[in-house]
Amino acid sequence: MIDGRLLVERSIPWGLVGGGLGSQIGYVHRSAALRDGSFVLMAAALDIDPERGRSFGQELGLSAERCYADYRTMFEAEARRPDGIRAVSIATPNNTHFEICKAALNAGLHVVCEKPLCFTTAEAEELLELSRAKQLVVGVTYGYAGHQLIEQAREMIARGDLGEIRIVQMQFAHGFHSEGVEAANPATRWRVDPKFAGPSYVLGDIGTHPLYISEVMLPDLKINRLMCARQSFVKSRAPLEDNAMTIMEYESGAVGYLWSCAVNAGAMHSQKIRVIGSRASIEWWDEHPNQLRYEIQGQPAQILDRGMPYLHLNALHDDRIGAGHPEGLFDAWSNLYYRFALAMEAADRRDAHALRDIRYPGIEAGVEGVRWVENCVRSADQGGVWVDYR
Ligand SMILES: NC(=O)c1ccc[n+]([C@@H]2O[C@H](COP(=O)([O-])OP(=O)(O)OC[C@H]3O[C@@H](n4cnc5c(N)ncnc54)[C@H](O)[C@@H]3O)[C@@H](O)[C@H]2O)c1
């Protein structure tokens, strides 16, 4: 049970790049990082517009001298301070992640970076090597993975409740961009511009979320080859897609399907994962994250609820309130952020054993997301052919 006691030995002095006034995800980072006292916000370069960033930083309670005009100035100035930041989160548009993450690691900082980690697998692997060389943690905010019933699903699959795994059915298919809303909305506009978004829109922006959940639930599942088709139903978005369908074959013989879509008119998030085994299936849906559906062939379906004593201990560990009270995405993100902090402390102690036991989306998950997108785009741009996963 999490109840407000510090989960880390000492709150980590923390900085934020991006996530400025009016941004979509800045507040989620701040609330998740600060929630359990694992981090304390000491410095920031919050905005592409330095003045707006400076004034917003002060509204957040930062001292004026630690509201920086840009991230490079912040890393340099903070490195000179005895009380300088030890970690930084990056919540800027995708095109900046690689350079900011690299600069942060070179400045000796632990990092929490938004997804997609960067544009190419080569860049992602460079960040992986750098983080290993520097013995620094890079967390990636696949925030939904902090929902506790994902841990329950992982345990049930591992102990064989579903039988042999045959099919993994995934989707993140919202309807918010069914029309060209980007004409009036800058936060959508950069998402459909390859200069800022990278080689994909929905594959990287939302498809990577259920992909990571599948990696948590099914850690042994490795993709062998995949086939992807992508479309731009709002024509001005081409070459970036607003819909993509990916079929995967895994080394185990199981198959997977992942639908990434921003034009699913009428749908809210519609992020789901269904794992189908030879005996039973489970299904988790992010719009009802406190419930896990468990269907055994030939028996009535069961709904497993968060917080109940019949769950595995790993699915109860991060309870913040008793069963029956809904927990949500802010709680899930907080669960990830405290684990990022624990991992950073363990890395600083050079405690490889502790590090191995802390589950969080790290740099490997970031690399895998980028690799998956790259393979999907390679397949789609050849007309939707099977490509070996590499
Ligand atoms: N993990 C999730 O569930 C999730 C959800 C939403 C967005 N995201 C990711 O978060 C990132 C930001 O998305 P958003 O929707 O908040 O974007 P946004 O356009 O709403 O906000 C971006 C913010 O970054 C600032 N910024 C841009 N360039 C900067 C720079 N060089 N230095 C400092 N600040 C800079 C902008 O001024 C703005 O405040 C993207 O990579 C996106 O994919 C992740």
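**Exercise 1. Identify which residues of helix 4 are buried, and find what they pack against.**

Solution. The buried residues of helix 4 are H97, F98, I100, C101, A103, A104 and L105, where buried means under 20% relative accessible area, exposed over 50% and partly exposed in between, with a 1.4 Å probe and protein chains only. The model is predicted, so that local features need pLDDT of at least 70 and side-chain atom pairs count only at pLDDT 80 or more, while totals for chains, interfaces and linings use all residues. Residues are numbered from 1 along each chain as its sequence is written, and side-chain values use heavy atoms, with hydrogens and water left out.

Next, seven of the ten residues of helix 4 are buried, and the helix is thus mostly covered; helices (H or I, at least four residues) and strands (E, at least two) are DSSP runs numbered from the N terminus. The buried residues pack against strand 1 (12-18), helix 3 (71-80), strand 3 (87-91), strand 4 (110-113), helix 5 and strand 5 (138-140), contact meaning heavy atoms within 4.5 Å. After helix 4 comes G108, whose phi is positive, near 80 degrees.

**Exercise 2. Describe how the axes of helix 4 and helix 5 are arranged.**

Solution. The axes of helix 4 (residues 97-106) and helix 5 (residues 121-134) come within 10 Å and cross at roughly 15 degrees. Helix 4 is therefore roughly parallel to helix 5, a label for angles under 35 degrees. On the helix 4 side the contact is made by F98, C101, K102, L105 and N106, and on the helix 5 side by E123, E126, L127, L130, S131 and K134.

**Exercise 3. State where S281 is found and whether S281 is buried or exposed.**

Solution. S281 is found in strand 11 (residues 280-285), and S281 is buried, with a relative accessible area of 8%. Not counting residues up to four places away in sequence, S281 touches L162, R274, V275, I276, R293, Y294 and E295.

Terms used
Axes are lines fitted to C-alpha atoms, for helices over the stretch in contact, and angles run from 0 to 180 degrees between N-to-C directions. Angles under 35 degrees count as roughly parallel, over 145 as roughly antiparallel, 65 to 115 as roughly perpendicular and the rest as oblique.
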